Every structure is written in C-alpha cells, then in structure tokens.
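Hello,

Here is the structure for your files. My notes follow below it.

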Amino acid sequence: AGARGGNFAVAVVAGPSGEARQWLGGRGGGRGEEPFVLEFRLDATAGAWDFRFGRATQRQSWRSVPWSNAHRSSFWLAATPGEDGKHQLFAGLDEFPERRFFFAKVRLQPSAVAFGPAADAPPG
C-alpha cells in the first residue's frame with residue numbers, strides 16, 4: 001500500500017555519496033563496500049511507515065512505525081562511534097532523540113548518506 005512520493009530509501013556508506021546512490025539505483029555491485037540501507041514504504045491506510053534495514057542486497061523483514069502527525073513526517077538519522085569498534089546507527093521520526101524507532105550496530109564507518117527510491121516501490 002503505497003502513496004505517490006511516499007516510498008524512499010536511505011543508504012549509509014563508507015565511501016563517497018555517489019557510491020551509495022549507485023547502490024540504491026541497482027548499479028552498485030562490486031563498487032566499494034556494500035552500504036547499509038534503511039528503506040521506507042508509506043502505508044496511508046494504516047497511518048504508518050513500514051521500514052526494513054540491512055545491507056543493500058539483503059534486508060530484514062518489514063516492520064511498522066505509526067505516524068505522529070497526519071500531515072507530514074520528519075525523518076532523522078544519527079551515527080555515533082561505539083566503544084567496541086562498531087558504529088551505532090539511530091533513526092527516528094520527528095523529535096530527536098525521543099522518537100527513535102531504530103537502532104543498529106554496524107562494522108561500517110559512515111562517511112556519506114544518500115537518499116533514493118525504495119527498491120520495490122510501486123510505480124506512480
């Protein structure tokens with residue numbers, strides 16, 4: 001269940017942002033380290049965002065987070081170095097950091113973020 005303009009993906013990559021955009025466009029295989037991707041689908045009927053996370057070629061199953069506002073959503077992403085050599089990724093909607101809905105530890109040192117279309121977004 002999508003809505004026009006509602007589906008998007010965010011790639012976190014260790015290299016330049018152009019590499020992340022190539023991965024999101026399906027042209028990244030073999031170029032640089034595979035980025036982590038947080039993908040979103042708008043579910044207007046349920047008043048929620050469906051999301052999934054993982055490497056560009058292998059993402060987890062879809063989960064849902066409800067809207068806090070019927071008119072717009074403000075997405076935020078933060079990356080911090082961890083004590084164990086991994087970086088911590090946080091994502092949320094609207095208020096930072098109170099509305100965090102996502103956390104992951106990754107072995108990637110983020111240097112760029114790119115936005116692009118969701119992998120399986122319906123045309124429209």
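This is a predicted model: local features need pLDDT of at least 70, side-chain atom pairs count only at pLDDT 80 or more; totals for chains, interfaces and linings use all residues.

Phe75 is partly exposed, at 22% relative accessible area. Residues are numbered from 1 along each chain as its sequence is written, and side-chain values use heavy atoms, without hydrogens and water.

The structure holds 13 aromatic pairs. (Rings of Phe, Tyr and Trp, the latter by its six-membered ring, pair if their centres lie within 6.5 Å; planes under 30 degrees apart are stacked, over 60 edge-to-face, the rest tilted.) Phe8 and Phe75 are edge-to-face, because their centres are 5.9 Å apart and their planes at 75°. Phe8 sits in strand 1 (residues 8-13) and Phe75 in strand 6 (residues 75-81), so the pair ties together parts 67 residues apart in sequence. (Strands are DSSP E runs of at least two residues, numbered from the N terminus.)

Phe53 and Phe102 form a tilted pair, 4.6 Å centre to centre with 55° between the planes. Phe53 is in strand 3 (residues 48-55) and Phe102 in strand 8 (residues 100-106), 49 residues apart. Both are buried. Ring pairs link a cluster that includes Phe8, Phe53, Phe75, Phe102 and Trp49.

Overall, buried residues make up 41% of the 124 residues in the chain.

Best wishes

Methods: Buried means under 20% relative accessible area, exposed over 50%, partly exposed in between (1.4 Å probe, protein chains only). Helices (H or I, at least four residues) and strands (E, at least two) are DSSP runs, numbered from the N terminus.
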